[in-house]
Amino acid sequence: MLKMFIESFKNLCSSPETIKYPFAESPEPKGYRGVIEYNEDLCIFCDKCENICPPGAIKFVVSDFETGKKEYNYNPYLCIYCGACVTECPKADEGCLVQAQTRTPPLGRVVPKGEKLGYFINRIDNPKEVESKWREIEKLNIKTKEEYKEYKKQQRLAKKKAATS
Amino acid sequence: MGKIIVPFGSQHIALPEPVSFLFETENEIITNVEAHVGYVHRGIEKAAITKFEFNQLPYLTARVCGLCSITHAGAVVHGLEKLLNIEVNKRIDYLRMFVVELDRIHSHLLANGHVAEVVGYENLFMQTFKIREDVMDVLERITGNRVQYDYQVIGGVARDIDSEIVEFSKKKLKTLKDNVLKIMDFNDSDYTFGLKTKGVGVISKEMATKFNTAGPIARASGFATDARAEYDYLPFEEVGYKMQLRTSGDVWARNMVRFDEVLNSIEMCENILDNLPAGESKVKVKGRPEGEVVVRVEAPRGECFYYLKGSKQKVLDRVRIRVPTYANIPILKELFVGAKYSDAQAIVLSFDPCMSCTAK
């Protein structure tokens, strides 16, 4: 008991261990797993990141059937920041998908914007819409993929027809 | 004097997680107890066989529990690697062992802090949590996150460590060791702490064997059981693992056995950092899981059991999880009968119950 008294008095004189968080800064540690950044120019649309993502926070929507171009939609509020997409990405070394060391601000009055965050979050202005719009994206993801599959099938059939005739 | 039923939980000031006990008391003495454990059921076993593919499972099972997320992810990774016939190199084994032991350190320190808090020793609780920050910093630096580590993946670890992290960890572990010895001394020699913990909730070795207890609770009663020694999923013996045993079996012994294990784990971590083998931190993964496998790993709270079954599909057929707290509930009920109601909090917390694991 006496030892603890001495320890407590020592602590009275020493500087505090805690920080006053909202007023003092709490920087991210080195190597922090933060937000996922995407570079569309390097992407080959292999869908590997979409397939591995455990919470389903990455969804591609096919925008152009002829070139096979897809729109990358990323929901930072659904993301669990595990980094599985980055390890799976074949072009990660070149910087197609990178895990940055910045954290996403809590969902308050504004939505974070950025060129590298994909199409979804940049098209939303009202934070209350994030959830409902993401459901639409999920539906679009399934719908456009099926349509794209059908389109490709038709094209293959047409090609076959042209080759036989 | 009639019997009075006193509810303890599901929301209680002493409990970090929801569990409910209904104590039937006569005066101060508990005569009967009823336990309800399923307050945080999330259906993870079902989700693992319907919604998630096998390569997403480590990320899912890591969310079973916040404290032993490394153990759960590790268990499922060991099982899947057996099903996929993947051999990992020594460096991966050592890195995995390193995070597993760090996980054990911070979990044990949290448990001991909580015991100190519920017996009314708030000061010791704060001291324990203060020193726990060091190991949290090391884990955060290695894995990139403070709570959800996602470090063990199929075929290796998510990221390698460099010499800078090794130096950082060594420095932190050294201060941690000094601090743990100091806190251990407070636990050991403090008179008031002893009054509330010594001779409270005693489990004899016969009881521990009969009720098949797991983890530090069994080892505090002198029942030598440890999955690290019994199953060779990781080479713990190589880095200086020693089984820690105490014999008195009360709340105090359970605290002290956890401190012994913390010191042993720190020693193991230092050995790992000194003898880290060279090699890749990841091996190639191919194929789909086929067959069935049983995995037993030592979680901070005891033996954690996983059963996995796959049939060359992306989604597994069956995932079964049995966690150590579930194995310890029967003896917990037995201990309450005849104990004083005022000791109930200390007994519950000395078991270090993890309800989110149990209900999953």
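Tutor: Read along the sequence, the pattern of chain A in this predicted model is α-β-α-β-β-α-β-α-α. Chain A thus has five helices and four strands, where helices (H or I, at least four residues) and strands (E, at least two) are DSSP runs, numbered from the N terminus. Its radius of gyration, taken over C-alpha atoms, is 24 Å, well over the 15 Å that the globule rule gives for 165 residues, so chain A is more spread out than a compact globule. That rule is 2.2 Å times the number of residues to the power 0.38. Along its principal axes, the C-alpha trace of chain A spans about 100 × 35 × 30 Å.

Two conventions apply throughout. Residues are numbered from 1 along each chain as its sequence is written, while chains are lettered from A and ligands numbered from 1 in the order in which they are written. As the model is predicted, local features need pLDDT of at least 70 and side-chain atom pairs count only at pLDDT 80 or more, whereas totals for chains, interfaces and linings use all residues.

The secondary structure of chain B comes to 14 helices and eight strands. With a radius of gyration of 20 Å, close to the 21 Å from the globule rule for 360 residues, chain B is as compact as a globular protein of that length. The C-alpha trace of chain B spans about 70 × 45 × 35 Å along its principal axes.

One open sheet of chain B consists of three strands in the order β1-β2-β3, with antiparallel pairing; two strands pair if DSSP finds at least two bridges between them. β1 (4-8) and β3 (29-36) of chain B stand at the edges with a single partner strand each, so one side of each has no neighbour in the sheet. From one strand to the next the twist averages 25°. Strand β2 (residues 20-26) of chain B pairs with β3(B) in the antiparallel sense over seven bridges, and B:Thr25 stands opposite B:Ile30 in β3(B).

A further open sheet of three strands has the order β6-β7-β8 (chain B), again with antiparallel pairing. Its edge strands, β6 and β8 (318-322) of chain B, each pair on one side only. Neighbouring strands of this sheet are turned by 10° against each other on average, direction ignored. β6 (residues 290-299) and β7 (residues 302-311) of chain B are joined by 10 bridges in the antiparallel sense and form a hairpin with two residues between them. Within this pair, B:Glu292 has B:Lys309 of β7(B) as its bridge partner, and B:Glu298 stands opposite B:Glu303 in β7(B).

Helices pack on these sheets. Helix α3 (residues 69-83) of chain B touches β6 and β7 of chain B, and its direction makes about 150° with that of β6(B). Helix α12 (residues 324-336) of chain B lies across β6, β7 and β8 of chain B, running at about 130° to β7(B). α12(B) also lies across β2 and β3 of chain B, at about 155° to β3(B). Here axes are lines fitted to C-alpha atoms, for helices over the stretch in contact, and angles run from 0 to 180 degrees between N-to-C directions.

Among the helices, the axes of α6(B) and helix α11 (residues 251-274) of chain B come within 10 Å and cross at roughly 160°. That makes α6(B) roughly antiparallel to α11(B), the term for angles over 145 degrees. The residues of this contact divide into 12 nonpolar, three polar and four charged. Ala, Val, Leu, Ile, Met, Phe, Trp, Tyr, Cys and Pro count as nonpolar, Asp, Glu, Lys and Arg as charged, and the others, Gly among them, as polar.

Finally, 19 residues of chain B are in contact with 18 residues of chain A, contact meaning that the C-beta atoms of two residues, placed from the backbone, lie within 7 Å. On the side of chain B that touches chain A, α2 (57-61), α5 (122-143), α6 (163-189) and α7 (191-197) of chain B each supply at least two residues. α5(B) gives the most, with four residues. By class, this side of chain B has six nonpolar, seven polar and six charged residues.

Notes. Angles under 35 degrees count as roughly parallel, over 145 as roughly antiparallel, 65 to 115 as roughly perpendicular and the rest as oblique.
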